[in-house]
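Reader: I would like to go through this structure with you and ask, point by point, what lies behind the words used to describe it. Please set each value against its cut-off before you conclude.

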Amino acid sequence: MKLNPTAGLTLALMASMATAMAQNTPPATAPATRPVVRQRGGAPYTEPNAPETKYNYNETWKPFFYTKNGDEFRAADGQPGPKYWQNRVDYKIDARIDTVKNEISGSEVLTYANNSPQKLTFVWMWLDQNLFKADSRGVKQVPLVKDPTTGRVYPSSRNWGMGQIFDAGDKIKSVSIISTANGKTTTTPAKYIINDTRMQVFIPGGIPSGGKIQFKIDWSFISPDYGSDRMGIVNNPEGKVFQVAQWYPRMCVYDDLQGWNTLPYTGESEFYLEYGDFDINITAPAKNIVVCSGQLLNPKDVYTPTQLARWADAAKSDKTVFIVKPNEVFSPSSRPAGKSELTWHFVVRNARDASWSTAASFVIDAAKMDMPSGKKPLAISAYTVSSAARNARSTEYAKYSIEYNSKKWFEYPYPNATVAVGRAGGMEYPGIVFVGQGGWGVIDHEFGHNWFPMVVGSNERLYGWMDEGFNTFINTLSTANAMNGENMRGGRAFGPTAQAFTRPTLEPILSNPDNLKEANNGTLLYSKPSAGLVMLREQILGPERFDYAFKTYIERWAYKHPSPDDFFRTMEAASGESLQWFWRGWFVNNWQLDVGVRAVSYVDGDAAKGSIITIDNLEKMAMPVTLEIKTVSGKTERVNYTAEIWERNVSWSFIYPSTEAIESVTYDPDHKLPDANRTNDVWTAKK
Ligand SMILES: [Zn+2]
């Protein structure tokens, strides 16, 4: 296309240039009346009575959104660069649970690979259980609330141990470094310092770039009853149900963005962990059943022959098959005979965590799942006898949720997917989720986390929205589409919640979760980023382009550590669209959207010649525009504009080819946008 040199110039400038331009003789082949000549005529059209506006298109659309260029570690188009690296840690854990004392004790050997370009003279590890000590940083941050009816003032948060007084925290019995030289293995005690939920372990001589080291740690802890809604114990008449997580000393992530990621675990923000293989032995009372991330390697040792036959049936069945039936729970014949304790051996590969649950009261059922590759992992549920009716469909929900997301985005990678019902209301781990009440919503959500952050390993401690928000978004599609729409909620229009998404008391989405009011995290980590992706998909890019770009992001960053820029850049590169104005309004700032319909007039005063419709952008965000135009005979039609009409305008006037007078013009007729002020959305002809 030809460049139009006068576009955007003021009339005064155009006048001063007119003489010079006239001397440019057009080529002989040029048409006599080029459109560009007609565009030059006249002054810019302005509708009178322009309202006051906060909209500044230079602020919304300014360039240089990214604060640094792509490099060989992370490329400008959002993919990992040729020098991208991340460290790896493999865990071999032997653990035992004392179900009377609520104590978990263990011995772990970690193999840590330093793939960074730097030598590491110390490493940092998580001791998450220290959150539950009475003097932890997390406990000290619990705010006071006032009961509105009784007036009682007390500390309250979802993110601690509810004030339980007990012998809390990780007890580190030993930390040693294992070294092998000349075929001889030696174990040397290592120096370490514990500070709150972190432990620094010093490595004499350091781990060179490209080197590996092995550590051995012996530790124990008493489980809290309520572990920040992510683990804990239900103690009911049927006995105790343990959900065990944040349970072993685990390696912090060392990356190219922050170096050592050691922000303490204070309860609100979640985790950031390295990938590796887990080989776990769990010794528990023989009457207990243990479920864990990964595959059980010794089913013959821990299930009866009848149960093994049922596992084999479940592996071929789309319908849920009982492994332990409700009427068999507590029956001695339902457990292998002759031993007081049994050891369960699980392996999970290429995972960033592993968690488990155990109870003597577990009913177990299972069904196969069908993966696009032909693999058939198992969906499994473990729930107490008394909750059997309520959880009867857990396995079915897990199966349909995981099958949908595997087909839509990326194949589920683990050999099974277990729902363990217990104390935590809803919490995700690789291959296993902990739920309280159960039901489609929570099971679909928690297994959705197997994509974010289990497969796409983002930093939840800093960017909770890339975990909860992305997951909440994929939940909207699985809920609408899986199980023949049985779970579909009515629409996702923004009407009633529009103002809530940008209320002035909200922090920006791009805040560290520890930097948000606890009451805001449902909006800022979950619903607002999800609504942003719904808008990006439905209003800006369209489903086909969005889905390709989002899938590209998942594939590029599977088992890696993406940053927000890697996401933003991938979405832009894979859709071919600059979206910086959108990231800036919805994610980086808490900007509002308010578009109003100001006026309708007619060309030459005659509706049959066309209507001039004027809309205004009154707040700081820009979004595409949909208007529904209704004429006096009752005919309605919609017109759409991309967001670029706001790139150099605060008001936008256009001609609608009407043939009769207009009765009304409605902005965002389906309430698909978070318009904060609905009172100016409809223009109606004066009667
Ligand atoms: Zn979640």
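Reader: Why is cysteine 292 called buried?

Author: This is a predicted model, and in it cysteine 292 has a relative accessibility of 3%. Since buried means under 20% relative accessible area, cysteine 292 counts as buried. Cysteine 252 is buried as well, with a relative accessible area of 0%.

Reader: How many disulfides does the structure hold, and what makes a pair of cysteines count as one?

Author: A disulfide is a pair of cysteine sulfur atoms within 2.5 Å, and by that criterion the structure holds 0 disulfides.

Reader: Is serine 458 buried or exposed, and how do you know?

Author: The relative accessibility of serine 458 is 0%, and the residue therefore counts as buried, the limit being under 20%. Serine 458 is found in the loop between helix H9 (450-455) and helix H10 (468-481). If residues up to four places away in sequence are not counted, serine 458 touches Phe271, Tyr272, Arg352, Pro453, Met466, Asp467, Lys560 and Pro562, where a contact means heavy atoms within 4.5 Å.

Reader: What makes the phi of asparagine 182 worth a remark?

Author: Most residues other than glycine have a negative phi. Asparagine 182, a residue other than glycine, has a positive value near 55°. Asparagine 182 lies in the loop between strand S6 (171-181) and strand S7 (184-189), and with a relative accessible area of 83% it is exposed, the cut-off for exposed being over 50%.

Reader: Where does aspartate 604 lie, and is it buried or exposed?

Author: Aspartate 604 lies in the loop between strand S28 (595-602) and strand S29 (611-617), and its relative accessible area of 64% is the reason why it is called exposed. Aspartate 604 also has a positive phi, near 55°.

Reader: Why is asparagine 350 called partly exposed?

Author: Asparagine 350 has a relative accessible area of 28%, and buried would need a value under 20% while exposed would need one over 50%, so asparagine 350 is partly exposed. The place of asparagine 350 is in strand S21 (residues 341-351), and, leaving aside neighbours within four places in sequence, asparagine 350 is in contact with Arg88, Tyr275, Gly276, Asp277 and Tyr559.

Reader: How do you know that isoleucine 203 is buried, and what does it contact?

Author: Isoleucine 203, which lies in strand S9 (residues 198-207), has a relative accessible area of 4% and is therefore buried. Leaving aside neighbours within four places in sequence, isoleucine 203 is in contact with Leu120, Thr121, Phe122, Val123, Ile177, Ile213 and Phe215.

Reader: What makes threonine 505 count as exposed?

Author: Threonine 505 has a relative accessibility of 59%, and exposed means over 50%, so threonine 505 counts as exposed. The place of threonine 505 is in the loop between helix H11 (498-501) and H12. The C-alpha atoms of threonine 505 and asparagine 520, 15 residues apart along the chain, are separated by 8.7 Å.

Reader: Why are helices H12 and H13 called oblique to each other?

Author: The axes of helix H12 (residues 521-541) and helix H13 (residues 543-557) come within 7 Å and cross at roughly 135°. An angle over 145 degrees would count as roughly antiparallel and one of 65 to 115 degrees as roughly perpendicular; H12 and H13 are therefore oblique to each other. The contact is made by Leu533, Leu536, Arg537 and Leu541 of H12 and by Pro543, Arg545, Phe546, Asp547 and Phe550 of H13, and these residues divide into 6 nonpolar, no polar and 3 charged.

Reader: What share of the residues of the protein count as buried?

Author: Of its 687 residues, 55% count as buried. The protein has 15 helices and 34 strands, and its C-alpha trace spans about 100 × 60 × 60 Å along its principal axes.

Key
Residues are numbered from 1 along each chain as its sequence is written. This is a predicted model: local features need pLDDT of at least 70, side-chain atom pairs count only at pLDDT 80 or more; totals for chains, interfaces and linings use all residues. Side-chain values use heavy atoms; hydrogens and water are left out. Axes are lines fitted to C-alpha atoms, for helices over the stretch in contact, and angles run from 0 to 180 degrees between N-to-C directions. Helices (H or I, at least four residues) and strands (E, at least two) are DSSP runs, numbered from the N terminus. Angles under 35 degrees count as roughly parallel, over 145 as roughly antiparallel, 65 to 115 as roughly perpendicular and the rest as oblique. Ala, Val, Leu, Ile, Met, Phe, Trp, Tyr, Cys and Pro count as nonpolar, Asp, Glu, Lys and Arg as charged, and the others, Gly among them, as polar. Buried means under 20% relative accessible area, exposed over 50%, partly exposed in between (1.4 Å probe, protein chains only).
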